[in-house]
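Please work through the exercises below with the sequence and the model open beside you. Each one sets a task and then takes the solution step by step.

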Amino acid sequence: MKKNTVHIPMPIRYLINAAAIAAIYLIISALSSAGVITNYYTKILILICINIILAVSLNLVTGYLGQLPLGHAGFMAVGAYASGIFMRAVSGSMPTGLAVFLSLILAAIVAGIFGFIIGIPALRLKGDYLAIITLGFGEIIRVVLLNIDSVLGFNFTYGAASLKNIPKTTTFTLAFICVVVVCFLIHTMMKSRYGRAILSIRENEIASESCGIRTTYFKTMAFVVSAAFAGVAGSLYAGYLGILNPANFGFMKSIEILVMVVLGGMGSMIGSVVSAAVLSALPEVLRAFADYRMVAYSLLLILVMIFKPSGLMGTYDFSFTNLIGRLIGRISGKRTARKESAE
Amino acid sequence: MSVLSMIVSQLINGLQSGSVYALIALGYSMVYGIIMLLNFAHGDIIMVGAYIVWVTMSVLGLPPAVGIIAAVAGCTLLGVIIEKVAYTPLRKSPRLSLLITAIGVSFFLQNIAQLIIGAGSKTMPAIVSGPNLYIGSVNLSFVAIVTIVVSLISMAILTILVQKTKMGKAMRAVSEDMGTAQLMGISVNKTISFTFAIGSALAGIGAVLYSCAYPQASPTMGSMLGLKAFVAAVLGGIGSIPGAMIGGFAIGILEAFVSAVGLSVWKDGVVFAILILVLLIKPTGIMGREIKEKV
Amino acid sequence: MKRILALVLVLVLALALFGCGGKANEPSKTPGGTDQPGKPAEGGSIKIGLLGCITGEYAQYGIAVHNGAKLYINKVNAEGGVNGKQIEIVEYDDKGDGTEAVNAFTRMVDNDGITALIGSVLSGATIAVVSEAYPIGMPMISASATAAGVTYNEDTDTVFSNVFRVCFIDPFQGEKMAHFAAEVLGAKTAAVIYETGNDYAVGLKDAFVKAAQEIGISVVADEGYSKGDKDFRSQLTNIAAKNPDVIFSPNYYEDDGMIVTQARQVGVTGTFLGGDGWAKVTEYASAADLEGSYYCSAYAPGSTDAVKQFEADYAAAYNGETPNMFAALGYDAAVVLVDALKAAEAKGLTAGTDEYKAAVIEAMKNTSAVGVTSQYSFDEFNNPIKDAVIIKITDGKEVFDRMF
Amino acid sequence: MAKRDVREPFIPERDKGLTPTIECIGLGIDFGGLTAVDDFNFTLGRTEIAGLIGPNGAGKTTVFNLLTKVYQPSRGRMLLLGKDTKGMTTAEANCAGIARTFQNIRLFKDLTVLENVLIGLHNEIRYTMFEAVFRLPRYWRAEKAARERALELLSIFNMQDMADDIAGSLPYGAQRRLEIVRALATNPTLLLLDEPAAGMNPAETAELMETIRRIRDMFKISILLIEHDMNLVMGICEGIAVLNYGRLIAKGTPEEIKSDPNVIEAYLGKKGC
């Protein structure tokens, strides 16, 4: 197999990947303007994009760093509320495009700050303790969003009454761009010294430390980046639904994201993308399945862990260009083989 | 009501819920001590226990004694089955896999209960009833007295079991060093199953006491209860029996006083804040020992 | 290579499911539907959406509302429909979740082509749907979304002209019970205990406290609790110390039952008052503990002949079940909507068109339809104008006390 | 027990006059009341290959953990190139020049051989996060240089052909060698080898001895190794330190150690018992 792979040089790889992504986008938007993809399907596609960002960002900590935080929905909530409050405040006084861009950045920064605040104590602990402590923080975020107004004495998050009338600015194009940007950033980060440091912590923290890697720093960094991207997903969600309630960001949501990551394969970005897409579309497709969805999710968690702990994709990362290289290699390989046999 | 009698009343409120926490915390602590697993499903075993009480007493109309026995036996069995089906195949796997499985089991129990019985809560008749006692102006409910006394007796029995019996010795040996214990001829599998059985039986007793005090069963009742009990176990020092008791009572009393001063909304937040503080300042808890990774 | 194969397989499977899902899982439609979504039916039928949480935590409310609504629409269809056309129900579950509700609603509009919507059941999900329905002028009536924000945008001070409801709004009940406490029970002091994370409970409590202060009841204790709490002793011990005349507990019945039981254990002796969330509370606390408590409701079982007829019909349709307030309100929502459909049909408009929808909205605004709980007319906020029913609990039974 | 005398620090002739790589003065550590290492006085020359030997449980690995700052000492001082290392973390100690291998191999098992070495080169690779995620020219240059350097290091053990293999799938001996390469990648001044020859056959051991010497000559570093294979220890070590019950009982040349009565007693027990 290896012999037949044609190595494609980097600039061409980028071109191929960019072309593939553009093609996917153009096909979907063409279908949608032709009316094949209705408004309803567009909504589902946006939801898929949001879930992909959530899964990919959680995968950074669970798959690559090897820790198990259970409060990912909390960061999403922080991003969603930051963005929602911002959009409500500036709506009308700023061009929409700029406001949306700023709201995404703001959501990422605020969620990242929360990730930092929570990461500092949480990452001093390992395994089960980290899981519990992040779960606790996730719940605290929810409780604070619910009750902060009565402490502040003015309406900020509107608590249980929901933050309403957020401008609905999330389009499929925006969500798609965010997915591409988030996946690109995580991918390039993982292929650098920063990414290798994160992986080395998952593999063996003590050895990593003895290689001169400041593990606490890199753990916190991964955690902050993961939280920031969850915040971006939250911002998209706020602009998608237009109304936010703390109840939407409970423990259940965190578990749903975890199921996507575990099923796709911890440490595989393409696995997260595929399973987030499938698991978000499935309940819409199989409406009759709704009753059994959570039972199926929990069973999936158990069965995947027992029979295929590496998930659907393992740590495999799909490379479109490698696939093309392999295909070219095969075809040319066959040709040379044919030539040889002809001779 | 004077301030003093008010404080005593709140103390008793705290002791009542604290004794249930303590019973559940013991289960967490024992299981964690032996296989280093945070058994997320432990809280949900209590939920199943409460439903067993509901089925036997409300649906089948059987007397309380049958309900109590059925709940304890059912929980014990469920604990062992969970261990055999979900955890044993993963004993050699990374900790992360085991933890995810435990979360899976917890969610499975919750959702299957919701699917079969429905999301709404079910009420059950009073398991024990008796007159309220008055000491001065302090009002002592009968249920509170029963809860506190029964949990203290259970903990005393458990202590004897672990300290004096052969099986208890085996449990302590396995938690110390699984490999060596096996070489000494202790059946590790049997001991772990036994630990799950004991822990789950305690959860069964906890479920009955919980049902006495709060006669409702709902699919998600176990998750918060379980988490708080876990916090209690960590506070007391995981793996330590007296620690779990102290932790349970401490959390119960803390919650009572937080509510009493009007911060009930922040109760869960305070409990988790305590957890975070304990883990950062003294990760071994009040009674725990330090375990260091060998380099 | 295997992995790539698996990946491709999963993708194909997902696409296949996604693609044929629309057909494989068509929602339940009463009489045979049309296959062309988005286009109005030819003469045969009028499509309306029915949206609510029929699974999940609040399923008992959603199922009751849906059963009530379907009971009336089936009755209309059996009697020949509206203007000779059958009403076709497109029913979806939103699990009480805003995201699901918006998706289901969009699907109803785009893929099923509904003309009007009954729903949703919970306030949060309904508000999420309103933000989609208002711009396209879709007539909407909810049986049970009580939050003020459902029909009114307080930020822009505009009423969502297309949205109506047949239930009381939250503040209304709180005010009613404060006046009831003062005028009927002669209460001087009151305490409140409520779930802080619940907009329904908070809405009722805020209105109660405000009204109580205005009419001279002093609120001596204000205790909150969080969702999922089962232990209220600490808060109730505080309340017992103040010994109030009445305790207002505007929560859902499961919590209310537990609160009353524990209150008696820690020595609270005052009269308990509640909102319409109290229905069925008698199953959750003992008769002795509940004796003499009052709550307000929109529905009094067995009070009038119309109600008795409704109860009999409901029992006949649903295995002898007794309807609750939500079923009655679901029925009433359908009554008001069908009445408006009749008006639109009378104008000779085609179902599904914008003019038709506008006519339905217009007709609802000026309705005088008679439902099972009351005759309906709407105020400037599209909220119903009707009296509350006071229910008293005696001997473990919920008994009609008076209209108030 | 009377305090033992430890002989004057031994340092090879050529290293005299240079600041020693390591100077431990009265280093000791307790674990919950149990003294694991006590009064550890030790000096290591700049290009010395030294051995740390002693019976099982003597505290050899604990000494390594003290030197690499996995444990912080309860008392005493440790100087690295004359500088106090107080308060350093393991990572900082590595940056300051201490690299190690582990008794129970600790490779990054699921990563490739090349990635293992690249992680060792972590602090040698210089570009910012921004340059990395946006793939700016400096990223490409640094990555290319690092890759070449990694292959060069692998070639010391003739492992360059295994670069794309998964580390966990290598044979045992190759894993031990990879650990050494990874440690060398961190550009150390002191290399600590914890039982490098464990599980190797005599031929492999002989080759390893040769390589250790070559590494010292190539990189001009000092090497301290824990080893039970006396042939290896006596063959390459210029100085040997003997540890028993957490205390240094002898340090000197191999010849001196061989004839030291304390050492013989520690290994064989008291005569006449």
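**Exercise 1: a sheet in chain D**

In chain D of this predicted model, an open sheet of 4 strands runs in the order 2-1-4-5, and its pairing is antiparallel. Work out which strands of chain D are the edge strands, and then describe how strand 4 and strand 5 of chain D pair.

Solution.

Step 1. The edges of the sheet are strand 2 (34-44) and strand 5 (83-84) of chain D, since each of them pairs on one side only.

Step 2. As a reminder, the strands of a sheet pair through backbone hydrogen bonds, and the pairing may be parallel or antiparallel. Strand 4 of chain D, which covers residues 75-80, pairs with strand 5 of chain D in the antiparallel sense, over 2 bridges. To find this pairing in the model, look for D:Leu80, whose bridge partner in strand 5 of chain D is D:Lys83.

Step 3. Helix 1 of chain D (residues 60-67) packs on this sheet, where it touches strand 1 (22-31), strand 2 and strand 4 of chain D. The direction of helix 1 of chain D makes about 65 degrees with that of strand 2 of chain D.

**Exercise 2: the overall form of chains B and D**

For chain B and then for chain D, state the secondary structure and decide whether the radius of gyration agrees with that of a compact globule.

Solution.

Step 1. Chain B comes to 11 helices and 4 strands, whereas chain D has 10 helices and 10 strands.

Step 2. A compact globule of 295 residues would have a radius of gyration near 19 Å, and because chain B has 19 Å, the value agrees. For the 273 residues of chain D the expectation is likewise near 19 Å, and the 20 Å of chain D agrees with it.

Step 3. Taken along the principal axes, the C-alpha atoms of chain B fill a box of roughly 60 × 45 × 35 Å, while the C-alpha trace of chain D spans about 70 × 40 × 40 Å.

Step 4. In chain B, 59% of the 295 residues count as buried, and in chain D 46% of the 273 residues do. Of the contacts in chain B between residues at least 6 apart in sequence, 77% join residues at least 24 apart; in chain D, 69% of the contacts with a separation of 6 or more are between residues 24 or more positions apart.

**Exercise 3: chains that touch**

Which chains have the most contacts between them, and how far apart are the nearest C-alpha atoms of chain C and chain D?

Solution.

Step 1. Among the 5 pairs of chains that touch, the most contacts are between chains A and C.

Step 2. Chain C and chain D do not touch, and their nearest C-alpha atoms are 18 Å apart.

Notes
Residues numbered from 1 in each chain as written. Chains lettered and ligands numbered in written order. Predicted model: local features only at pLDDT ≥ 70, side-chain atom pairs only at ≥ 80, totals over all residues. Rg over C-alpha atoms; globule rule 2.2 N^0.38 Å. Buried ≥ 20, exposed ≤ 12 C-beta atoms within 10 Å, placed from the backbone. Contact = placed C-beta atoms within 7 Å. Pairing = 2+ DSSP bridges. Axes fitted to C-alpha atoms, helices over the stretch in contact; angles between N-to-C directions.
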